[in-house]
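Please work through the following exercises with the structure in view, taking each solution one step at a time.

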Amino acid sequence: MAEPKLLSTDQIAEHNNAKDLWIVVDGQVWDMTEFAPEHPGGIGIILQYAGRDASQPYNEIHAPSLLNTTLTSSKLIGTLDTSTISDDWARPPPEHNPKVQLKNEKPPLFTLLSTHDFENVAEKTLAPKTWAFYSSAATDLVTHKANQSFFDRIWFRPRVLRNIKTRDMRARIMGQEVELPIMCSPAAMAKLVHPDGEKAIAKGCQNKGIIQCVSTNASFPISDIAASLSPTQNGPSPLFFQLYVSKTRSNSEALLRQIWSLGIRTIFLTVDSPIAGKREADERVRMDDDQQGIPMMTGAGKPMNDKRGGGLGRITGSFVDESLDWSDLPWLRRCWKGRVVLKGIMCAEDARRAVEEGVDGIVLSNHGGRNLDTSPPAILILLDLQLNAPHIFENLEVYLDGGIRRGTDILKAICLGATAVSLGRPFLYSLNYGSEGVEYLIDLLKDELSVAMALVGITRLDQAHAGLVNTNDVDYLVPSTEGHPYARMRGRGLRAKI
């Protein structure tokens, strides 16, 4: 093999613009001209180091091998002739202020500190239709806002003088050990955010030891997503699957057979979305030509504008069976031998019914506030179950999905009985930076959860209990009876007198 070409700093410095862009990383000279516009962190940070040594900012974020695995060997131009390094060339470029960004430019990943930062970047940099689809919620957004704000109304009751030197955040979800009590919620058409879509999410989740639940409306076939993962050593699949039951039941049966063949053993049956809610922001922004007809796993309900607007949630959900009810669970059990979780439980009565039907778990969720506005926030549903159906926590696993944005939110849910929590939008916004963004988000949440546990005074999740939180500010909103405490329907069925 020929020796790499030795390049002087003067030669490298000539390639210093977007149309001809070289950088040096760990002594290797790379041609980034074609890759830079596709860089998940935006072209800006690469341009800042065009014709210079970018080793320090690169190594702060990326694994050493990433360039070799991402770029072809033809992009490796040569090696840096260290004898030509001058003080002027080695001097870092002018200090970059991450707050000063072009409207459509993503700041460096390492400058993001929270899920809110990911959301702010997504709002500024995603295509208008993509942002409208993922950020939108039903009608007046009351439930969407309450999902988050109700966590702020629950206060901790910390314990002090505890030895919290070592903390363990591992949990078990459907029998699988995970590094954190969180999952990635199913979400449709992640390719709208990033070309690798669900495959990038799967990679990031697997690398960090958590589970991704793949949507029926994913933008890649489930077989492609599964194939993109690193092989597991006789362990369970790091994927769950979310099922929308099709009006053509044979299609769902075939899909379930495929899921089983891939080694997936848990499905989340969505029960809160027989039809899509009215999401006005999604309807107002019509799809561009390149966004229409994006393929989905189902092969049905392809996104297209219509006379009512461009509502992706409404249009792509047209295949869902609106007649699905409790009596269909035996059918599901006949064609699926694995674990079944009902996603979208919103009251204690349905939670009790889920136990009676013998399902393995439930997700307390209002679909991110995207369907029925003024349905209860997720954390309030959890309190409803604790008051009115406490036995269910001994009979199945209870997950909470909706409004989780901080490690403190995760810990509050665990203290109040949740097995784990699930996040949707934050993962989609982190996908703006590819699989690296997904991993970075998980690390942020892990750090926040670790800090919250330490300051509350626990070192393991099984030490969390309801005595560590104060729910007085929302307790009066928890229903105490199955029916309304005093209102009654009177005169129903009587003909109006004329």
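Predicted model: local features only at pLDDT ≥ 70, side-chain atom pairs only at ≥ 80, totals over all residues.

**Exercise 1.** Classify the pair formed by the rings of Phe118 and Tyr440, and state which parts of the chain the pair ties together.

*Solution.* A pair of aromatic rings is described by the distance of the centres and the angle of the planes. The centres of the rings of Phe118 and Tyr440 are 6.2 Å apart and their planes stand at 70 degrees, so the pair is edge-to-face, given that planes over 60 degrees apart count as such. Next, we locate the two residues: Phe118 belongs to helix α6 (residues 115-125) and Tyr440 to helix α19 (residues 434-456), so the pair ties together parts that are 322 residues apart in sequence. Finally, Phe118, Tyr433 and Tyr440 form one aromatic cluster.

**Exercise 2.** Decide for Phe118 and for Tyr440 whether the residue is buried or partly exposed.

*Solution.* The cut-off needed here is that buried means under 20% relative accessible area. Phe118 has a relative accessibility of 1% and therefore counts as buried. Tyr440 has a relative accessibility of 21%, so Tyr440 counts as partly exposed.

**Exercise 3.** Describe the largest cavity by its volume and by the residues that line it.

*Solution.* We begin with the search of the whole structure, which finds three cavities of 30 Å³ or more. The largest cavity has a volume of about 60 Å³, and 14 residues line it, with Ser185, Ala187, Glu198, Ile201 and Gln212 nearest its centre. Among the elements that give two or more residues to this lining are α9 (197-208) and α18 (425-430), while β10 gives the most, with three residues. Sorted by class, the lining of the largest cavity has nine nonpolar, four polar and one charged residues.

**Exercise 4.** Which residues lie closest to the centre of the second largest pocket, and over which ring does Arg370 lie?

*Solution.* The second largest pocket has a volume of about 720 Å³. Of the 44 residues that line this pocket, Pro186, Tyr244, Arg279, His367 and Arg370 are the closest to its centre. Turning to Arg370, we find that this residue lies over the face of Phe133, at 5.3 Å from the ring centre.

**Exercise 5.** Identify the edge strands of the five-stranded sheet.

*Solution.* The five strands form an open sheet in the order β1-β5-β4-β3-β2, with mixed pairing. The edge strands are β1 (6-7) and β2 (16-17), each of which pairs on one side only. For β2, the pairing with strand β3 (residues 20-25) is antiparallel, over two bridges.

Note on methods
Residues numbered from 1 in each chain as written. Heavy atoms only, no water. 1 Å grid on protein atoms, 1.4 Å probe; cavity = no way out; pocket = protein on both sides within 12 Å on 5 of 7 lines; lining within 4 Å. Points joined across faces, edges and corners; volume = space filled by probe spheres on them. Helix = DSSP H or I, 4+ residues; strand = E, 2+ residues; numbered from the N terminus. Nonpolar A, V, L, I, M, F, W, Y, C, P; charged D, E, K, R; others polar. Pairing = 2+ DSSP bridges. Phe/Tyr/Trp six-rings, centres within 6.5 Å; stacked < 30°, edge-to-face > 60°. Buried < 20%, exposed > 50% of the residue type's maximum accessible area, 1.4 Å probe, protein only. Lys NZ or Arg CZ within 6 Å of the ring centre and 35° of its normal.
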